[in-house]
Amino acid sequence: MAPAVQLGDDLNVSPLGFGGMALTPVYGEVDPADALRTLHHAVDAGVSFIDTADVYGGGSNEELIGRLLRERRGEVQLATKFGLVGSPAGGYTDVRNDAAYIRQAVDRSLRRLGTDVIDLYYMHRRNLHVPIVETVEAMAELVQQGKVRHLGLSEVTAQELEEASAVHPIAAVQSEWSIWSRDVERNVVPAAAALGVGFVPYSPLGRGFLTGTVDAASLGDNDFRRNIPRFAPDAAAANQAVVAAVRAVADELGATPAQVALAWLLAQGRRVGLPVVPIPGTRKRDRIDENLGALALDLSPAQLDALGRASDAVVGSRSADPTWVSQGRE
């Protein structure tokens, strides 16, 4: 395993994290016992940065990770989030960023996780009717109380990040970033680099699409990717060109498409002087080992150029509602 990566605010984490949402029914049914074995395997392999949220599985994902923490709290850098009301699979009904809600949410998360402190606490999404300064002030109180060690923000704009950082140090921004989701590179990534904030890309494998193993036409009725525009039949067919480009580079290197997609992200971080820690999620233990292989992969300038050109041809938005993510507000 490569050395730890320092995000903002002196938070050290493993160079790859694990996205816990995959261990909920958002992509289909999950066996909790098998999910717990997957988490243990991740930590055994050196992936100690574990990411979840209070809405994943209606709280069940935090409870699952709490079972891991009972035995291995000292080995884990724990991240969770607040702000969304509802669920990824069933839809969200509200976004809460107010101080009263934050105080309630953190206590509920601590209880489900079975721990007395959260290493990294994110605002999951932005409520535009609540000034971000007020939200971060409320989050900072949790640091003062010892319930939270570091603060994070998800899917914020560059301006929102700057305003938040003036209130309290921000350890990380978590937003979608991958070969086929590059909008954050225009404003958010440069702002994070300038402010000394780390970047935690979620869906770094394009919700599985970039691995070449996802047939968009065969997604189950309960698979929330069916609601994402670029997974619609015509868009998904056009986007196979991106998968082909990733696979071509993988073949040149004797690697897998997943490893290439992750190595590309890590290279983007090095290019702009930004600590980047992707958090791919999976239900399969061998995928964790595969993903870790990206840390030893070195992409040539020509390969990086080829992947960059392929990303320019992506069809379809990464979100059904662009205002839901930073892309629609910048």
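What follows is a walk from the whole chain to single residues.

**Before selecting anything**

This is a predicted model, in which local features need pLDDT of at least 70 and side-chain atom pairs count only at pLDDT 80 or more, while totals for chains, interfaces and linings use all residues. Residues are numbered from 1 along each chain as its sequence is written, and side-chain values use heavy atoms, with hydrogens and water left out.

**Stop 1: the whole chain**

Show the chain as a cartoon. It has 11 helices and 11 strands; helices (H or I, at least four residues) and strands (E, at least two) are DSSP runs, numbered from the N terminus. The radius of gyration is 18 Å, close to the 20 Å that the globule rule gives for 330 residues, so the chain is as compact as a globular protein of that length. That radius is taken over C-alpha atoms, and the globule rule is 2.2 Å times the number of residues to the power 0.38. Along the principal axes, the C-alpha trace spans about 50 × 40 × 40 Å.

Of the 330 residues, 57% are buried. Buried means under 20% relative accessible area, exposed means over 50%, and partly exposed is in between (1.4 Å probe, protein chains only). Among contacts between residues at least 6 apart in sequence, 76% join residues at least 24 apart; a contact means heavy atoms within 4.5 Å.

**Stop 2: helix H9**

Select residues 257–272, which form helix H9. From its first C-alpha to its last, this 16-residue helix reaches 23 Å, close to the 22 Å expected at 1.5 Å a residue. The expected span is 1.5 Å times one less than the number of residues. How many residues of H9 are buried? The count is 13 of the 16, so H9 is largely enclosed by the rest of the structure. Just after H9, glycine 273 takes a positive phi of about 70°.

**Stop 3: aromatic pairs**

The structure holds five aromatic pairs. Rings of Phe, Tyr and Trp (its six-membered ring) pair if their centres lie within 6.5 Å; planes under 30 degrees apart count as stacked, over 60 as edge-to-face and the rest as tilted.

Select tryptophan 177 and phenylalanine 199, an edge-to-face pair with 5.0 Å centre to centre and 70° between the planes. Tryptophan 177 lies in the loop between strand E10 (172–176) and helix H6 (188–195), and phenylalanine 199 lies in strand E11 (residues 198–202), so the pair ties together parts that are 22 residues apart in sequence. Both tryptophan 177 and phenylalanine 199 are buried.

Next, select tryptophan 180 and phenylalanine 231, also an aromatic pair: edge-to-face, 5.6 Å centre to centre, with 85° between the planes. Tryptophan 180 is in the loop between E10 and H6, and phenylalanine 231 is in the loop between E11 and helix H7 (233–238), 51 residues apart. The relative accessible area is 3% for tryptophan 180 and 4% for phenylalanine 231.

Now show arginine 230, whose charged end sits over the ring of tryptophan 180, 4.6 Å from the ring centre. A charge sits over a ring if NZ of Lys or CZ of Arg is within 6 Å of the ring centre and within 35 degrees of the ring normal.

**Stop 4: lysine 81**

Select lysine 81, in strand E5 (residues 77–82). Is lysine 81 buried or exposed? At 0% relative accessibility, lysine 81 counts as buried. Its side chain makes a polar contact with the side chain of tyrosine 56 (3.3 Å). A polar contact is a pair of N or O atoms within 3.5 Å; within protein, one must be able to donate a hydrogen and the other to accept it, and residues adjacent in sequence count only if both atoms are side-chain atoms. Leaving out residues up to four places away in sequence, lysine 81 touches several residues, including Asp51, Tyr121 and Gln174.

**Stop 5: arginine 125**

Select arginine 125, in the loop between strand E8 (118–123) and helix H4 (132–144). Arginine 125 is buried, with a relative accessible area of 7%. Its side chain makes a polar contact with the side chain of tyrosine 202 (3.2 Å), and the backbone oxygen of tryptophan 324 lies 3.3 Å from a polar atom of the arginine 125 side chain.
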